[in-house]
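The chain and its model are shown first.

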Amino acid sequence: AAEIIFKQGFDATSMNDIAEAVGMTKAGIYHYIPGKKDLLFTLMSYAMDHLDTRVIAPAQEIGDAETRLHYIINHHVQLITGDNGDEGNGLISILTDELAGLTQAHRRKIVERKRVYLNLVRATLEQLKAEGKMKDVDTTVGAFTIFGTVMWLARWYRPGGHLTGKQMAEEIYRIISSGM
């Protein structure tokens, strides 16, 4: 479902499309998911669970800000590229692309979870700044720039290109760290 929504967009994806892709009837899908918006929320929650487990929680345990930032960028990029056996770009990218498809209550829950991540990156940049390891850059702008750079990767990265996901992560980290 995430890959179909990623390719077609939430509004253009029907429950029939999803049912056909997973080899079920539309009625069978509705047995498990009350509606399309609920499916989107479930997918976004699952994506946030992945971000939390693979990126956010481990990064919170890293004391050194430079190492933490490298970890965050490296592991988030690899989630998007699917380098560690993850689902790849569709699942994570719908977190950015499809918020408007959620109910207000569901959107609030996802935004709250994303805010935890934003605050972690912003605090990491503030620590780097306090240690004199970062240019005089607004940390909120810096955090959103990192997210924009990393999340947009899902739109143009194709597996099998001349760089692996790990190499792409290193390039992105090098660009971000040299700019800040």
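Axes are lines fitted to C-alpha atoms, for helices over the stretch in contact, and angles run from 0 to 180 degrees between N-to-C directions. Helices are DSSP runs (H or I, at least four residues), numbered from the N terminus. The model is predicted: local features need pLDDT of at least 70, side-chain atom pairs count only at pLDDT 80 or more, and totals for chains, interfaces and linings use all residues. Residues are numbered from 1 along each chain, and side-chain values use heavy atoms, without hydrogens and water.

**Helix pair α7 and α8**
- α7 and α8 pack with their axes 9 Å apart, at an angle of about 125 degrees.
- α7 is therefore oblique to α8 (angles under 35 degrees count as roughly parallel, over 145 as roughly antiparallel, 65 to 115 as roughly perpendicular, the rest as oblique).
- The contact (heavy atoms within 4.5 Å) includes Tyr117 and Leu125 of α7 and Phe144 and Ile146 of α8.

**Helix pair α5 and α9**
- The axes of α5 and α9 are 8 Å apart, and the packing angle is about 140 degrees.
- α5 and α9 are therefore also oblique to each other.
- Among the residues that meet are Leu69 and Ile73 in α5 and Ile172 and Tyr173 in α9.

**Nonpolar core**
- A nonpolar core is a set of buried (under 20% relative accessible area, 1.4 Å probe, protein chains only) Ala, Val, Leu, Ile, Met, Phe, Trp, Tyr and Cys residues joined through side-chain atoms within 4.5 Å.
- The largest has 57 residues, of which Leu51, Leu125 and Ile146 touch the most other members.
- α4 (36-60) is one of the helices that each supply at least two residues, and α4 gives the most, with 11.
- Beyond four places in sequence, Leu51 touches residues including His76, Ile92 and Tyr117.

Notes: Buried < 20%, exposed > 50% of the residue type's maximum accessible area, 1.4 Å probe, protein only.
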